[in-house]
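Me: I'm new to this one and would like to learn how to read it. Could you walk me through a few features?

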Amino acid sequence: MKLIRILVVGCGNMGASHARAYHELEGFEIVGLVARGASKKKLNQDLGADYALFDAYEEALAQTSPDAVCIATYPDTHKDYAIKAFEAGAHVFIEKPLAEDVAGAREVVDAAVKHNKKLVVGYILRYHPSWIKFIQLSRSLGKPLVMRMNLNQQSHGYMWDVHRNLMSSLSPIVDCGVHYIDVMCQMVGAKPVRVSAIGARLTEDIPSWNYNYGQLQLHFEDGSVGWYEAGWGPMVSQNAFFVKDVFGPKGAVSIVADKASDEGKSDSVAAHTQTESLRVHYAEVDGNNEFVREDEWINLSDEPDHQELCNREQRFFRQAILENVDLSSSMEDAINSLHIALACDEAVKTKQTVVL
């Protein structure tokens, strides 16, 4: 069994989860942890390990000569770090978004192709059985589809520090929105044609050009529509932070997350991926306009937690490397979802509908 020597860059929330996956899974060996602050030391302690620690990415890359690099830093470093990894002969797992802009994302994909290396982007919902089932069932509802999703986070303490740092380079509807735009595109299977969006800046703690609440609306060529909203900060309401719902002419499918929606959990990373139950509603009615079928509840026995989802991402990354899996489609999907999210960001700032 080939051992993949991997360098982990960024030791915060997602970097720590991916590092734990590499630490515990067979087939990986961590050759170093990279972070500018103390998070790498804490991660070493949490893992009970003694991995080499680095402050500078370039130094770590040169000294460790890894087979692969995991990039879980802030988005403004993604393009540069990924391209340097490819040039050094390493495969790349990278957290979303792929880059700060579409041109940068295209450069990263082109570099992966040029150097014949694998690029896996951290679209974690693609590895969740219930989300996979959610998308599958949505395709049985007819067309057009109406898709309704949100992820508002009443962030405080450490998470407010994380969100403020993120907003130095992008907005919540770009950072989180790429996930749900990706889901909507999978559900519809049609070309998005235009976007509109609204946003509000509710704090002086972020750059003047940015906003910490946004809602985007997507219009597809088959008539399907979808909205997604995201807000970050201590002022955000806990109410209705977990809406994942789709309906079409034949009925509806909803993710019903009882525990995930408990008071105080909106800034929990684990709660963001919880599904717990899928509720399927059938629209067919009889002559009295009464429903012919009762709603169906689907509870999948395979309900991975956040760490297990990261483990599954990394198992796939290893498979992609060892089995030479064709990733061209997923790489284009990552560029496409970023393109749409950035168009929504433009719509907020210009107050205009943007044609794709």
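Me: Before that, what kind of model is it, and how are residues numbered?

Reply: It's a predicted model, where local features need pLDDT of at least 70, side-chain atom pairs count only at pLDDT 80 or more, and totals for chains, interfaces and linings use all residues. Residues are numbered from 1 along each chain as its sequence is written, and side-chain values use heavy atoms, with hydrogens and water left out.

Me: Which residues of α5 are buried?

Reply: Buried means under 20% relative accessible area, exposed over 50%, and partly exposed in between (1.4 Å probe, protein chains only). In general, an α-helix has 3.6 residues a turn, so residues three or four places apart point the same way. In α5 the buried ones are G104, A105, V108, V109, A111 and A112. They cover an arc of only 155° around the axis, which puts them on the same side of α5; the arc is that of the directions from the helix axis to the C-beta atoms. On the other side of α5, A103, V113 and K114 are exposed.

Me: What covers the buried residues of α5?

Reply: The cover includes α4 (78-87), β6 (119-121) and α12 (328-350), where contact means heavy atoms within 4.5 Å.

Me: And what sits at the start of α5?

Reply: There, a side-chain oxygen of D101 comes to within 3.4 Å of the backbone nitrogen of A103. A polar contact is a pair of N or O atoms within 3.5 Å; within protein, one must be able to donate a hydrogen and the other to accept it, and residues adjacent in sequence count only if both atoms are side-chain atoms.

Me: How is the protein chain divided into domains?

Reply: Domain bounds come from an automatic or database domain assignment. Here domain 1 is 4-121, and domain 2 is 126-308 + 337-355. Their centres, taken over C-alpha atoms, are 28 Å apart.

Me: How much area is buried between domain 1 and domain 2?

Reply: The size of an interface is often given as the accessible area lost when the parts come together. Buried area is the accessible area (1.4 Å probe) that two parts lose on being put together, summed over both. For domain 1 and domain 2 that's about 1400 Å², with carbon and sulfur atoms giving 62%. In domain 1, N13, Y74 and K96 lose the most area to domain 2, together 39% of what that side buries.

Me: K96 again: is its peptide bond to P97 cis or trans?

Reply: It's cis, with omega near -10°. P97 sits in the loop between β5 (91-94) and α5.

Me: Last one: is N210 buried or exposed?

Reply: N210 is in the loop between β8 (192-200) and β9 (213-220), and at 2% relative accessibility it counts as buried. A polar atom of the N210 side chain lies 2.7 Å from the backbone oxygen of M167.

Key:
Helix = DSSP H or I, 4+ residues; strand = E, 2+ residues; numbered from the N terminus.
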